[in-house]
Amino acid sequence: MHVLAIETSCDETSAAVLRAADPGTRTKGTCPPANPLSRPQERGHVPEVHVPDPSPAPEILSNIVLSQDEIHAPYGGVVPELASRQHIKTITAVVGEALERAGTGLEAIDLYAVTQGPGLIGSLLVGLSFAKGLAYYHKKPLVGVDHLEAHLEACFLENPTIAYPVLGLLVSGGHTALYLMREALSYELLGRTRDDAAGEALDKIAKFLGLGYPGGPVIEKLGAGGDPKAFAFAVPRTKDRSLDFSFSGLKTAALKHIRESGVVKEGPRLADFLASFEEIVAKALVDHVRAAAERVQPRTLILCGGVARNTRLRARFQAFAREAGLDAHVPSPKLCTDNAAMVGAVALKKFARRPVVEPDLDLDAYARS
Ligand code: KG4
Ligand code: ZN
C-alpha cells in the first residue's frame with residue numbers, strides 16, 4: 001500500500017510517499033498464540049517461543065522538505081503568521097513534487113497521513129486541511145499523527161528491528177523530552193524541559209550573537225575547531241530527583257560569558273565559546289539519558305529531533321551507549337529534522353493496528369501536547 005504524508009507543524013513544508021506491505025499480508029506463516037507461555041509444557045521439552053516477525057520498514061519513495069529558513073532568518077526565529085502563509089503558497093507544489101519523485105499519482109494512494117500537533121496552530125491547519133481535502137475527494141482513510149511520535153518513529157524507519165524497551169531522547173527546537181517505549185506506539189514520559197528546549201537555547205544564543213537562524217547548525221559550523229573546554233559551564237541540575245531538563249540557567253550563564261569575555265560575531269573567541277556551549281548542552285542531554293537508563297534499564301537507546309543532527313551530541317550519545325553496553329540508534333540527519341516520511345511511518349503502524357475506511361474529517365489540530 002502507498003501512503004501520502006504531509007507535515008507542516010512549524011517552518012518546513014514537507015510531503016512524502018511511502019510504500020509498505022499491505023497490513024493484511026504482512027505476517028507470514030502461523031500466527032503466534034495469544035500467550036505462548038500459557039501452553040502446557042511437556043517434561044524436558046523447552047517450549048518454542050514464537051516471536052512475531054517485525055514488520056519490514058516501509059520504503060521511502062520520496063521525502064520532499066521545503067525549508068522556510070530564508071524567510072525567518074532576518075527575524076532570528078520563526079514568525080508564525082509568515083510560516084502559515086508560506087505553507088499555503090508551497091504545499092501544492094511540495095505534494096506534487098513528492099508524487100512525481102515517487103513516480104506515482106494520487107489514484108495510487110491508499111492512505112493519507114498528516115501531523116495534527118503539537119506545533120504552530122496556523123501552520124498545522126494548512127497541512128491538515130489540505131490532507132482532509134485529498135482524503136475526502138479520493139474517499140481514502142486519513143490518519144492524524146502526533147509530531148513527537150513521528151520524531152521517535154524516525155529511528156524505527158531505518159531500524160525496524162530495534163529491541164524494546166527503548167529509551168528515547170527527543171531534542172528539537174520546541175521539545176526536549178525522554179520517553180520509555182515498552183512496545184511500538186507506546187510512550188511513557190520520563191522527563192521534559194521545564195523551560196527552553198535544547199534547540200531553542202541554541203537558537204536564542206545564535207540570535208543574540210547575530211549569527212542567524214536556525215542556531216544549531218550555525219553554532220556547529222562556527223564552533224568547529226573551537227576548544228570545548230575554553231569556557232566553563234556548570235551542568236544544569238533540577239533540585240529534585242526528577243528527569244526533567246532545564247536550559248534557562250545555561251542560557252543565562254552563556255550570556256554572562258558573552259558579556260564578560262567580549263564574545264562577538266567574527267571575534268577571536270567565538271569558536272571556543274560556541275564549542276563550549278555546544279559541549280555543555282550535549283553533556284546535559286547525555287547525563288539525563290544516563291540517569292534515565294539506570295532507572296528504567298532499557299535494551300536500546302534512541303536519539304531523535306532536529307538537534308540530533310549535531311555531530312558532538314551524536315558522538316557523546318554513542319559513546320555513552322558503548323560504555324553502558326546498549327544498542328543505540330540515531331536517524332540519518334535528513335530524518336532528524338522535520339520531514340513527512342516519519343509522519344507516514346507512524347500512520348502506517350496506527351493503520352495496521354486499527355484500519356479505518358473513512359477519512360476522519362473531525363480531526364483537529366492542537367498546538368500543545
Ligand atoms: O525537529 P526540528 O526540525 O523542528 C522542531 O520540531 O522544533 O528541530 C529544529 C531544531 C532547531 O532548534 C535547530 O537549531 C536544531 O533543530 N538543529 C540543530 C542542528 N540542526 C538543526 N541543532 C544542533 N546541531 C545541528 N546540526
Ligand atoms: Zn520537529
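**Around ligand 1**

In this predicted model, ligand 1 has 19 residues around it, and the closest are Gly173, Asp203, Gly216, Glu220 and Gly306. As for where it is found, ligand 1 sits in the largest pocket. Helix 6 gives the most, with four residues. Sorted by class, the shell turns out to hold eleven polar residues, along with four nonpolar and four charged ones.

His147 brings a polar side-chain atom to 3.2 Å from an oxygen atom of ligand 1. On its own, ligand 1 would expose 550 Å², and the protein buries 91% of that.

Turning to charged pairs within the protein, the count comes to 17 salt bridges. One of them links Arg194 and Asp240, with the closest N and O atoms 3.0 Å apart. Arg194 belongs to the loop between strand 8 (188-192) and helix 5, while Asp240 belongs to the loop between helix 6 and helix 7 (248-261), so this pair ties together parts of the protein that are 46 residues apart in sequence.

Note on methods: Residues numbered from 1 in each chain as written. Chains lettered and ligands numbered in written order. Predicted model: local features only at pLDDT ≥ 70, side-chain atom pairs only at ≥ 80, totals over all residues. Heavy atoms only, no water. Near = heavy atom within 4 Å. Polar contact = N/O pair within 3.5 Å; in protein donor to acceptor, adjacent residues only side chain to side chain. Areas by Shrake-Rupley, 256 points an atom, 1.4 Å probe, with all protein chains shown as cover. 1 Å grid on protein atoms, 1.4 Å probe; cavity = no way out; pocket = protein on both sides within 12 Å on 5 of 7 lines; lining within 4 Å. Sits in = over half its atoms within 2 Å of the grid points. Helix = DSSP H or I, 4+ residues; strand = E, 2+ residues; numbered from the N terminus. Nonpolar A, V, L, I, M, F, W, Y, C, P; charged D, E, K, R; others polar. Salt bridge = Lys/Arg side-chain N within 4 Å of Asp/Glu carboxyl O.
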